Amino acid sequence: MTTPLAMLPTTTDPHDGVKAFADYRGDLHERCEVLVVGSGPGGAVVAKELAERGHDVILLEEGPPMGRREFKQEAGEAMQRLIRDGGSRASRGNIVTPTMQAIVLGGGSVINSAICARPPAWIFDKWAERTGTSITRADLDPHFERVETFLGVAPTPAEVQGERNERFRRGCEAIGMSVEPIWRNVQGCKGSGECFTGCRNGAKKSTDVSYVPAAIRAGARVFTSIRVERVVAQGRRVKGIEGRIVEPLTNAVHGRVTFDADLVVLAAGCMATPVILQKSELCTENRWVGKDLRFHPGLAMLAMYDAPIDPWKGATQGYHSLQYLEEGLKFEVLWSPPSVLATRMPGVGHSYQKHLLRYDHLAPFDVICAADRSSGEVSAKRGTMSPDIQYHFDQEDVDLMQKGLGILSDICWASGAEAILPGLHGIPEVIERKEDAEVIRTHRLKASDTIAASNHAFCTTRMSPSARLGVVDESGRCHDLDNLYIADTGIFAASSGVNPMLLCMALADRVALGIHARL
Ligand SMILES: Cc1cc2nc3c(=O)[nH]c(=O)nc-3n(C[C@H](O)[C@H](O)[C@H](O)COP(=O)(O)OP(=O)(O)OC[C@H]3O[C@@H](n4cnc5c(N)ncnc54)[C@H](O)[C@@H]3O)c2cc1C
Ligand code: SF4
């Protein structure tokens, strides 16, 4: 039985009890039973569930705690504060794919749109085909239920949709596509559309204000500004970690830290966890560490209307369509801060200015692609903990994405657009008549014609019952080590089809309960 977050006593500061950079004097040495690395959706769930079951838990996080009063609405400043490399991280390969990872207590849940979606049952059949997993949707349903109950996940109510989201709904309905309000982990959302820069209303239940305080209430100790650099092992057993204290924002390195533990759970995210394993020279015999990186590449199209729609009003992402999910496509409304959207505007000089001035007339809609044929890899860069990310966007997936862009264009026109801005190389920058938009279907796109954002990333320490096919087994335990677990999106065996956070949390819940049963 899970007590919903809303029924728990509230504290004025949800970060009460979190150790921060200013609390440290010199080197640190601690010990615990279970050490969890990373406070995002994966790690925070494990820390809470194990602490509540009486285990002595320490949760380590490289980023600092950020209170709602410290969030900055301006995107450039927010990205510098909350996102690794100021948000400029990208993969290389046949496309340059921007990919963002947070560096803050709460990880990606602080900057994401709070979309919570359960993957359909057939996703797990695909997993079984790829790596032999036997986990089904029915196995995970109790874990989804527990996470959703705790966070109060619910459909976005009509009162906070706003015109931008409503236009998307009307566009889908007009062309006969299914469309539904998105379920989100928010309480009292005011529809400010600021999820990406941090919720200043305190409505988004990111893990720093939900699972982490619950873990602390249950006795967990939480240390931020601690960068784990190495997991220490002897034979098949890990002993703990070594790392450094890092200063928030500057990332300047200070004292050394060692944390000894009976069991370690890595949940540093699917870019960082394989790097930690590689730097630690662990699982070296396993060919899947850092391999098989999967993304959901996403492309946005801007719909321009003949009158202002004040697109900044309304939940960041309030509606989506799952109609083409089985083909590998998901359609969503999108919102980004002005300076991010400005990078998508075409033209130079006066023509660029003309588009900027019509900012209040536009709505961005996006399509994300399961990209089952595309993959990449993550490796440790020499001398740093940063990942070198390579990714190949397969032409068949580009073709699928192109199909999605055609549908997205139909949604835009049906929503009442008077023009669309496709944002694709080789296609006119502005299309003012629906008939002319056929070019989006007929001009064959190459990977390099797109700039697809890839913020859903997984599979770099993938799950399989066989050590030949994956890094962790179905309980999340590394095949090569008896007491090292992984609980981030890296353990997905293939795409989640839908947005990955809720699946990550359900799997982490399952990993935690499995560890408890074994300890
Ligand atoms: C802009 C954006 C919007 C998104 N929107 C959605 C959405 O609405 N719904 C959805 O389902 N998904 C969304 N996602 C994806 C989702 O946020 C991620 O899939 C999710 O956060 C992954 O959780 P995780 O625990 O695997 O990793 P993370 O969230 O990345 O957490 C890992 C944590 O580990 C810390 N860490 C890393 N390395 C170290 C180290 N060496 N030592 C100590 N700590 C370390 C990091 O700082 C971080 O806090 C979005 C992502 C982005 C970037
Ligand atoms: S839309 Fe605004 S109020 Fe609602 S969760 Fe996002 S940032 Fe918070």
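Where in the chain is the place of A371? A371 sits in the loop that joins β17, residues 362-369, to β18, residues 375-380. I open with this residue because A371 is buried, having 25 other C-beta atoms within 10 Å. Its backbone also deserves a remark: phi of A371 is near 50 degrees, a positive value in a residue other than glycine. Please keep in mind throughout that this is a predicted model.

D292, which is not a glycine either, has a positive phi of about 60 degrees. Its place is in the loop between α7 and β13, the latter being residues 294-295. Is D292 buried or exposed? With 25 other C-beta atoms within 10 Å, D292 is buried.

Let me turn to the domains. The domain assignment of the chain gives domain 1, made of 16-75, 202-289 and 459-518, and domain 2, made of 85-100, 156-201 and 293-457. Between the C-alpha centres of domain 1 and domain 2 there is a distance of 30 Å. Where the domains meet, 28 residues of domain 1 are in contact with 31 residues of domain 2. On the side of domain 1 that touches domain 2, β10 and α7 each supply at least two residues. The largest share of that side comes from α7, with four residues. By class, the side of domain 1 that touches domain 2 comprises 12 nonpolar, eight polar and eight charged residues.

That brings me to ligand 1. Why can we say that ligand 1 lies between domain 1 and domain 2? Both domains give residues to the shell around ligand 1, so the ligand lies between them. There are 42 residues around ligand 1, and those that come nearest are G38, G40, G107, G108 and G269. As for secondary structure, at least two residues of this shell are supplied by each of α1 (41-52), β10 (226-234), α7 (272-279) and α12 (501-518). In composition, the shell around ligand 1 has 21 nonpolar, 17 polar and four charged residues.

Which residues come nearest to ligand 2? Of the 15 residues around ligand 2, they are C189, S192, E194, C195 and C199. The shell around ligand 2 divides into seven nonpolar, five polar and three charged residues.

The crossing in which α1 passes α12 is right-handed. From α1, the contact is made by P41, G42, V45, V46, E49 and L50. From α12, the contributors include M501, C504, M505, A508, V511 and I515. The contact of α1 with α12 has 12 nonpolar, two polar and two charged residues.

Neighbours within four places in sequence aside, L140 is in contact with I135, A506 and R510. From L140 to I389 the separation is 249 residues in sequence and 30 Å in space, C-alpha to C-alpha.

Next comes V110, in the loop between β5 (97-98) and α3 (121-131). V110 counts as buried, with 28 C-beta neighbours inside 10 Å. What does V110 touch, if residues up to four places away in sequence are not counted? The residues are M66, L82, A102, V104, G198, S206 and D208. V110 and G328, by contrast, are 218 residues apart in sequence and 27 Å apart in space, C-alpha to C-alpha.

I end with L28, which is found in strand β2, residues 28-37. Having 18 C-beta neighbours inside 10 Å, L28 counts as partly exposed. Residues up to four places away in sequence not being counted, L28 touches I245, G255 and V257. L28 and G243 are 9.7 Å apart in space, C-alpha to C-alpha, while 215 residues apart in sequence.

Technical notes. Residues are numbered from 1 along each chain as its sequence is written. Chains are lettered from A and ligands numbered from 1 in the order in which they are written. This is a predicted model: local features need pLDDT of at least 70, side-chain atom pairs count only at pLDDT 80 or more; totals for chains, interfaces and linings use all residues. A residue is near a molecule or strand if its C-beta atom, placed from the backbone, lies within 6 Å of it. Ala, Val, Leu, Ile, Met, Phe, Trp, Tyr, Cys and Pro count as nonpolar, Asp, Glu, Lys and Arg as charged, and the others, Gly among them, as polar. Domain bounds come from an automatic or database domain assignment. Two residues are in contact if their C-beta atoms, placed from the backbone, lie within 7 Å. A residue is buried if 20 or more other C-beta atoms lie within 10 Å of its own, exposed if 12 or fewer, and partly exposed in between; C-beta atoms are placed from the backbone. A crossing is left-handed if the near helix is turned anticlockwise from the far one by less than a right angle, and right-handed if clockwise.
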